[in-house]
Amino acid sequence: MENFENTPSVIKKKPPGAMANNTNSNNKVDSWQNVDVAKLMSDLHLGGTDLSDVNWWDVVDHLRVKQDPVVKAMKKRKTWKTVRLFISSTFKDMGCEREYLVKTIIPTLRQWCEERKLKLIECDLRWGVPKDADARETILACLSEIDRCREENEYPYFLGMLSERYGYVMKSEDVPEDLKLRYKWLPGVSMTALEIFTGAYWDRNPHALYMLRNPDFLKSVQDDDVRMNYVESKTDHKNSLAILKGKVCQHFPDQVVEYSTRFDKVSGSKIMLTGLEDFGQTVLTFFKTKLSQQYPDDCLNEELTETEELYSQQKDFMLQRGQILLGRDALLERINNYLDREEKKDKILSLVGFPGAGKSALMASSAKTSCSDSKNKVFFHFTGATPDSTNIYSILSRVFHECMPSGSVIPIDQDEMMHFVPTMLKRSAEHAKQQGYERLILYIDALNQMDNEGNAHQLTWLPRQLPKSLKLIVSTLEGTCLDALRSHDIKPQELAVEPLSAEVREDIATKILMEYNKQLDSEQMAVLIEKKDAGRPLWLSVACEELRVFGEFRSLTTKITSLPEELGGLLQEVLRRVVTEYGGELVQATLCLIETSRFGLSETELLEMLTMKPTIPDTSGSHTSKMKIHGKIPMAKWALVYLGLRSFMRPCGTSGVGRLDFYHRSMSKAVRLMYLGDDTNTTLWQQRLAAYFNLCQDLTRKCEELPYQLMSMKDKDGLKECLLQREVFEQLYAQKSRQQLMKYWQFIGGYSIAAKEYTRFLDDYIKKHNLSNTDEGIELKTKVAWFLLDIGEYSTAHALLEVVLKECEEKYGKYGKELADPLFAIMTLLYRRALTYVYNSHPGYAECVRLGKQYGPWCEKVHKQHWPDYNDHLGMVLTVCGYFDGTMLQYCLDTFKRTNNRQGLAEVLYMLGEKNQYNKDINIPVKYFEQSLTLCLTAFGRFHLKTARCYQLYGQLYWNQWSNQSHNTDYLNKTLDLYKVELELLEEVQGKNHPNTVRSREDVIIILQNLNRNPEANQLAKLQPKESVAIA
């Protein structure tokens, strides 16, 4: 594919010398990438722009940077870091060295790196470059990978191996003009030499090692034909090789090592060498030393917390997306006005626009500016920047961890979290003030791309009133989310992200193309910017990229005219070209695998999955259980695939080990339309992902992807089998994933099935692995019991815990520490179960009280024996026990006062209010309830189960006063007011038919009947289900 020619009617090169300002008077440069070689040669009086008679060695030294290289040691590092080692050599004669490197040295270096949290990727691109690759493909496959090494490690880790071959030299007419400019190609330069120049020589790369092989082994080769494969036959190539070696030795005296080998035998046309041990040790020692200098052992601190890691990834995305923003100054000004304006009642600022309008870039640019102002505390969340970034619980969890005061207790499930948002934002804004900030600013991008679990798109989780000193900026498309915003209590201030003006479109197109020394004439520019979707920055950037690589200059105007008017069509056209030019089926497979994955895929995962056959699955293909992974595809092939798709991928982050995913949902949609048009095609790729992750050794990734793929395929049996694997259960049972585990069982058929299957699983697993009465078996049973408790399968959980406690008592004694967790579990079960009944009216409640009084003192004694006094955990355990024995509550109150646990205090206070409800002085329980209610509203928020519980118990106080004091209706009316609030909260939090809600509604009905308000009672009665276990 050729580049545009310098003719008036097409894209033109920049004027000669446009970038020559980076050369100094001594013809040394600051950056070789920015040098105009033609201007440099003119300055050196080497023939002007005519390269045909120029010797490359007369030019290359003038491209070397003038400054000494400085490698900054990374002082603090908590995450894994990718290190790319580029291996450069001629192809035919270095097979033995490459084989020794791949089988012996690289594995040793990789293990050393892994001990230091460095992920080593060797880039040996001599394997896998297609035989029929043209000049563009060959050059880009090699040199773009060096670019990538430079981006990730400042200076590429570079191993150059030279012997008696110079390498392949391309003809000038075969090399595309844009690549000549980009990589400073000169006549007579071989691909190997160009790798050395771009990867090490011109940068004076301190990470480069040059291994020069002594040719004496050739004296032992008797076959002249074989020997000729290992030496240059052309005189000019011999001269070039000698000059190249001389320059490397001259400029890198401490980084050049000559090594010797021994002739072993001839195998076919290849010479087999031995004695590579010293060669290998030199390579190993050099790169260990260089890696230790850039990534010292003492730079590795504690691992990033999940919060820190997600923030880092979001920040990388924000900085990348907000890097350049053209034509949006007026919108940025309006955002700034919103942030700076003080109003009595703030509004949510909503950025509204079509796909590809640049909303995310606008949000990122504004967030970047806000972060630079010390008076702002800024939270930002961009969909697509991190795995699970569309999940509402994950989004709100990030807000909680980054903005709430330390020590706050996070809501354990999605529903509770969504109802906690108003309280969370209020407390977060107050906390920001306490930290010295003037305001807290929240940026939440792409509301419409959130998963709609729990009806998140209805935005009921947004606060009904914004706290003072808090600003909230969101973005969305037209549709459900915007409609919900417009009908919300806080009416949004809408900011329309309109199409770019014609002037701005032209400015953007000009800047993009000028980066590659190209420009359109006025007629071509007019055709381009008048396209229907040219006002979308995404359309414009994709179109310019497509024109940049178009090679038929005489047809350029026709090409521009033929560009699809709409974004979707343009993306599909570009994808067709990329698939054709950058790897065919491998590119298509990469697109489909990424799109059908849950959270994107790592580079290593893709390299392995792309070896599965056939590359594109079909309905007659192998069953998933028979799919095999055959190592990894060659890096040369992957480099070409990555090069073609790179501009459509979201950044991996500064560590280089992140997931690859599409940076814009429009790309995702295009892939689905082109390659995943029906459920059958989608299922084939889901099967492939399921097969891969079923074999995956990374448990975290396996649990993220495998159950999700099985559910997406509607494979209930496969999903059940997966969830019943011990390691999968334990991974998903963790707090972050527990909601997803519950969701999977609901899909399979409900929690009763989960209870039955886990009971069977425990029996089989413990018997098979001889875990009866062992520490491991007891721990596993307790975990399962907690999960059954969480999903409301109380009877099954209770039976299991009875068995566990019996085994524990026999093994550890009655008061061993190992009994603490199962005792806490059974007390929690009894407490939660008791709350589902109407007091004193159901035998189930009486049974809970009986058992609570039986197990409570036992639980108290075990915990007090093994936990220090006034410990938060001890306080939480005894609070649950205190429901059945009020004498423990004063200790809990003292504990939470000492630890400043507001949530614990709120719960203990309303329980003390309940225990004192028959006190002769009603002011005593009223004081408890009032204090508790204040804490509940600030610590949990209004729409929270514990707030509802406080209202219920407060109402119960007045009900009992009414019952015992001549039926004073004042007490009954107070009871009604409090119970109606409880009912409102439960309907909102748990739904209208939840047992707790049914019980609360029944209480309100009874009160209304006692007030002779029968019509109202009858209306509520119609809402009650016909049968309920909560009503006796």
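Thr899 is found in helix H35 (residues 889–899); helices here are DSSP runs of H or I with at least four residues, strands are E runs of at least two, and both are numbered from the N terminus. The model is predicted, so local features need pLDDT of at least 70 and side-chain atom pairs count only at pLDDT 80 or more, while totals for chains, interfaces and linings use all residues. Residues are numbered from 1 along each chain as its sequence is written, and side-chain values use heavy atoms, with hydrogens and water left out.

At 30% relative accessibility, Thr899 is partly exposed. That class lies between buried (under 20% relative accessible area) and exposed (over 50%), with a 1.4 Å probe and protein chains only. Beyond residues up to four places away in sequence, Thr899 touches Tyr870 and Asp872; contact means heavy atoms within 4.5 Å. The C-alpha atoms of Thr899 and Asn871 are separated by 7.7 Å, at 28 residues apart along the chain.

Helix H8 (residues 277–294) has 18 residues. From first C-alpha to last it reaches 26 Å, close to the 26 Å expected at 1.5 Å a residue; the expected span is 1.5 Å times one less than the number of residues. Its buried residues include Phe279, Val283, Phe286, Phe287 and Lys290. Seen down the axis, the buried residues of H8 fall within an arc of 170°, so they line one face of the helix. The arc is that of the directions from the helix axis to the C-beta atoms. On the other side of H8, Glu277 and Asp278 are exposed. Cover for the buried residues of H8 includes strand S1 (81–89), helix H2 (95–114) and helix H3 (135–153).

Helix H24 (residues 679–695) has 17 residues and reaches 24 Å, close to the 24 Å expected. Asp678 caps its N-terminal end, with a side-chain oxygen 3.1 Å from the backbone nitrogen of Thr680. Among the buried residues of H24 are Trp685, Arg688, Leu689 and Phe693. Their cover includes helix H20 (585–596), helix H21 (603–609), H23 and helix H25 (699–712).

Ser668 lies in H23 (residues 665–675). Ser668 is buried, at 6% relative accessible area. Leaving aside neighbours within four places in sequence, Ser668 contacts Glu595 and Phe662.

Phe662 is also a contact of Leu591, as are Leu575, Val579, Leu645, Met667, Val671 and Tyr675, again leaving aside neighbours within four places. In the largest nonpolar core, of 230 residues, Leu528, Leu591, Trp638, Leu723 and Tyr758 touch the most other members. Such a core is a set of buried Ala, Val, Leu, Ile, Met, Phe, Trp, Tyr and Cys residues joined through side-chain atoms within 4.5 Å. A second, separate core of 61 residues includes Leu332, Met418, Ile473 and Cys481.

Conventions. A polar contact is a pair of N or O atoms within 3.5 Å; within protein, one must be able to donate a hydrogen and the other to accept it, and residues adjacent in sequence count only if both atoms are side-chain atoms.
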